[in-house]
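Hello,

Here is the structure I promised to pass on. Please have a look, then read my notes below.

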Amino acid sequence: MVEEFKLPDVGEGVAEGELVSWLVEPGDTVTEDQPVAEVETDKALVEVPSPYNGTVAELLAEEGEMVPVGDVIITFNVDGETDDGGTDASSSADQTGEAAASGEETETPDSEAVETPEGRVFAPPRVRRLAREKGVDIATVEGSGPGGRITEGDVTAAAGAGEAVTESTTESAEATETAPAEDAGSSASSPSGQAPAPVESADRDRTLAAPATRKLAEEQGVDLNAVPATEQREGEAFVTPEAVMEYAEAQKRAQEADAAALASGETGPRETREPFKGVRRTIAKAMERSKYTAPHVTHHDEVDVTRLVETRERLKPMAEEQGIRLTYMPFIMKAVVAALKEFPEMNAMIDDENEEIVHRNYYNIGVAAATDAGLMVPVVEDADHKGMLQLSSETDELVTKARERTISPDELRGSTFTITNIGGIGGEYATPILNYPEAGILAVGEIKRKPRVVTDENGNESIEPRSVMTLSLSFDHRLIDGAEGARFTNKVMEYLENPELLLLE
């Protein structure tokens with residue numbers, strides 16, 4: 001019997017999702033809970049599992065299509081039955097009894113039907129098609145994508161390895177078969193289809209030739225001094241008309257082969273195109289909405305964090321004893337939360353629809369993380385209620401889940417202020433785009449040793465190497481004035497310069 005499967009609500013309040021890719025195709029055998037599709041909602045990519053054991057009957061949505069929650073996206077033939085009860089059903093029915101008796105899987109002529117019962121060959125339909133086209137057994141390919149998913153590159157690499165072996169064993173046979181075609185065509189391609197070896201230019205200064213030969217060379221656009229000579233007269237190279245024509249033809253074939261290779265992309269395409277979809281498109285839309293809705297202003301500053309560096313170094317061993325990697329992020333989060341409490345507008349948002357300013361009396365801190373799929377912002381909820389080690393542990397866990405694409409949609413929403421660390425990759429200053437509708441986002445740069453003028457308690461100045469961090473605060477200028485943005489930054493700096501103040505928070 002045929003069972004329909006509707007797109008479920010894969011995240012709280014989600015009305016629709018983009019079907020990014022199918023992980024199965026009609027005819028594939030699936031098991032319950034086996035992922036059959038990737039659906040993106042908000043910034044999360046969610047795998048949709050099959051609710052049935054059976055085979056895929058029909059895919060009812062296209063990759064890249066926005067699908068409302070509740071729409072049927074796929075149908076299954078459950079219990080191994082097919083719609084028409086044709087030969088497949090009858091042939092398998094005989095084997096089903098035997099398989100049931102023996103406890104073994106029923107064999108089918110389709111090699112993919114053999115590999116999918118385990119449900120762990122993760123590859124979208126286009127990759128499976130590519131594997132079939134290239135004659136690659138997809139079950140033998142090791143996936144390099146997220147969660148071990150097999151990509152087109154994996155299949156191409158596997159096919160390349162196979163072709164290399166095949167070419168080495170059949171090279172002589174292929175050369176024999178392709179020779180007549182080369183004679184008939186204009187190309188002088190090698191048996192492997194590669195461009196012919198270029199004819200080596202003679203590169204002489206003087207060449208003897210009959211006037212008719214010189215005229216022929218001029219007509220063919222050939223430099224007579226470049227034509228290999230087969231004869232010599234009076235100790236000088238002598239070129240015949242046949243040599244000129246042979247050289248001209250060789251040049252022509254080489255040029256045609258180069259043109260063909262360029263057109264086919266063998267020498268490297270000048271440009272490629274790919275669909276603009278998935279997480280990348282979602283990020284782009286969010287950035288566009290933020291940039292064209294909230295007028296951004298960015299305030300830059302730098303802070304001496306020498307004492308913070310010393311404090312962290314003292315605390316690191318104690319954190320490690322509890323199995324926690326103590327980074328600078330929890331210190332920055334604590335400093336930001338403390339500053340947000342003093343500047344509540346920075347933790348607020350504008351409700352454009354109702355024309356209201358919404359003050360949030362909770363502090364959910366988003367931590368922007370670069371992933372293979374794009375920028376994601378896991379959210380540490382109620383950061384003001386958590387200690388330094390808990391913030392460190394929770395942040396590390398959420399960022400890891402985001403990078404492994406196992407994070408849930410709920411863990412990516414609800415932030416009231418965002419921090420992004422640009423120093424991990426490189427760079428000191430940035431103009432971060434607001435995680436709309438939040439009012440502020442803080443980018444922190446890499447901590448570097450820099451010379452600074454230091455004044456002691458007696459007012460004496462000296463230049464010392466200090467640890468310095470850069471700060472870039474972008475804020476919604478509709479809600480935050482420049483002076484308030486600067487004061488907020490000053491407060492964050494005060495806590496980072498004097499980390500002992502965080503003990504009071």
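Predicted model: local features only at pLDDT ≥ 70, side-chain atom pairs only at ≥ 80, totals over all residues.

**What covers helix α10**

Which residues of α10 are buried? They are L391, S392, E394, T395, L398, V399 and A402. In general, an α-helix has 3.6 residues a turn, so residues three or four places apart point the same way.

The length of α10 also checks out. The helix runs over residues 388-403, which makes 16 residues. At 1.5 Å a residue they should span 22 Å, and the end C-alpha atoms are 23 Å apart, which agrees. Just after α10, R405 has a positive phi of about 60 degrees.

**M333 in helix α9**

M333 belongs to helix α9. Is M333 buried or exposed? Its relative accessible area is 0%, so M333 is buried. Leaving out residues up to four places away in sequence, M333 touches I365, V367, V380, L391, T395 and I419. Two of these, L391 and T395, are also listed among the buried residues of α10.

**The whole chain**

The chain has 11 helices and 20 strands. It counts 505 residues, 41% of them buried. Among contacts with a separation of 6 or more, 62% are between residues 24 or more positions apart. The accessible surface is about 27700 Å², and carbon and sulfur atoms hold 48% of that.

Best wishes

Technical notes
Residues numbered from 1 in each chain as written. Heavy atoms only, no water. Helix = DSSP H or I, 4+ residues; strand = E, 2+ residues; numbered from the N terminus. Expected span 1.5 Å × (residues − 1). Buried < 20%, exposed > 50% of the residue type's maximum accessible area, 1.4 Å probe, protein only. Contact = heavy atoms within 4.5 Å. Areas by Shrake-Rupley, 256 points an atom, 1.4 Å probe, with all protein chains shown as cover.
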